[in-house]
Amino acid sequence: MVVEPKVRGFICVTAHPEGCKESVRRQIEYAKSQERKESPKKVLVIGCSTGYGLASRISAAYIGGADTLGIMFEKESNGKRTATPGYYNTKAFEEFATKDGLYAKTINGDAFSVEIKNEAIDIIKRDLGKVDMVIYSLAAPRRTMSDGTVYQSVLKTTSCEFTEKSWNVDNDTITKGQIPVATEEETDATVKVMGGEDWMDWIDALSKADVLADNAITVAYSYIGPELTYPVYFKGTIGMAKKHLYESSLRINELHKDKNVKAYVSVNKALVTQASSAIPVVPLYFAILYKVMKEKNIHEGCIEQMSRLYTEKLFNGDVITDATGKIRLDDWELREDVQKEVMDIWERIDEENIRKLADVEGYWEDFYHMFGFKYDNIDYTKDVEIQS
Ligand code: NAD
């Protein structure tokens, strides 16, 4: 069928299989153009199908030459509706990697569950022996526990209600976005979903099953951002979860020191992904940030960030971290000159000047590309097979 974008609020409910393949192809091309680094050869990527996880998997395979096992939670097509973009991305990645002589298998299921952990362990035992790197890149709205309890993550503040400019991407208006205060229960639930407990569970399970190599490395992703977004991010419910994620990295190092496992949190740059476009206030900051960073020639997408993680921060001699042990890929975003310009624009921006002062087009370009749309070399009037 002919697949067109159907945008509903901050998501698109259709995805284009050929466009998703193009997005993966371009990311692979970028990774291939980078200097090859001696790095882990058997890599497990949890949350491997979109955004930072997909870019990590591509970097592991095409910069490091690694075999990869991925975990994702995506919907297949039912013949009428398209699959989710992560599904098409993964099919495309597996096809490219296999053609290039790299092992690439993926489990589609709930990474929080014991069943999926066991399935991953069985596949590792059978096909890979052990893994020497685990990338944890989940962004999930909820977590179901073994006893059936469901925790929902929320994007709220933890102190007082926060009001800031917010760009309504669907009708291009700027209004005051109001973000309510979370209850203690909501904050705890967000920590359950987006904190480090499940990351620790994965490392424990892999280690107990003896499929985690000695000296293995594991990385999970975090965000800090500017003070402007602190109430909704860094000091909000999600920030509490990220604090727990960081503390979990220290716990992993302690609990698995016999194997010399090294756990890192990498603080990445703000980028339009399915997870981040849902956060209030943040899209306007993104659009301004894109404008400023592109003008300074330091803008990066997921693949540029993950390539830099590989080639400069993780595998270029000693791991480069800040004083607290975190890897800082947000170093360019938080540069003083970048933030000064962003804040200056933030003060002046309104509905009249938004297209001049912010990179609205760049925001939408990233948004449509996530779903496989608006690639200039794809003929979107052609019929495509949506089931594969
Ligand atoms: P994303 O939505 O693009 O990717 C989420 C991934 O998790 C997908 O592969 C999805 O299939 C998988 N997933 C979700 N629920 C799952 C489940 N129950 N079981 C198995 N897989 C599941 O998100 P992203 O923006 O790439 O985020 C990845 C990580 O990077 C998150 O921890 C996020 O907080 C962090 N991060 C994001 C940004 C940003 O601006 N986007 C910045 C810094 C850090």
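## Burial and overall form

In this predicted model, buried residues account for 56% of the 388 residues in the protein chain. Of the contacts between residues at least 6 apart in sequence, 77% join residues at least 24 apart.

The secondary structure of the chain consists of 12 helices and 13 strands. The radius of gyration is 20 Å, close to the 21 Å given by the globule rule for 388 residues, and the chain is therefore as compact as a globular protein of that length. Along the principal axes, the C-alpha atoms occupy a box of roughly 60 × 50 × 45 Å.

The protein chain exposes about 17300 Å², of which carbon and sulfur atoms supply 48%.

## The seven-stranded sheet

Seven strands form an open sheet with parallel pairing, in the order β5-β4-β3-β6-β11-β12-β13. At its edges are β5 (104-108) and β13 (327-328), each of which pairs on one side only.

Within this sheet, strand β3 spans residues 42-46 and strand β4 spans residues 67-72. The two strands pair in the parallel sense over five bridges. In this pairing, L44 stands opposite L69 in β4.

Notes
Residues numbered from 1 in each chain as written. Predicted model: local features only at pLDDT ≥ 70, side-chain atom pairs only at ≥ 80, totals over all residues. Heavy atoms only, no water. Helix = DSSP H or I, 4+ residues; strand = E, 2+ residues; numbered from the N terminus. Rg over C-alpha atoms; globule rule 2.2 N^0.38 Å. Buried < 20%, exposed > 50% of the residue type's maximum accessible area, 1.4 Å probe, protein only. Contact = heavy atoms within 4.5 Å. Areas by Shrake-Rupley, 256 points an atom, 1.4 Å probe, with all protein chains shown as cover. Pairing = 2+ DSSP bridges.
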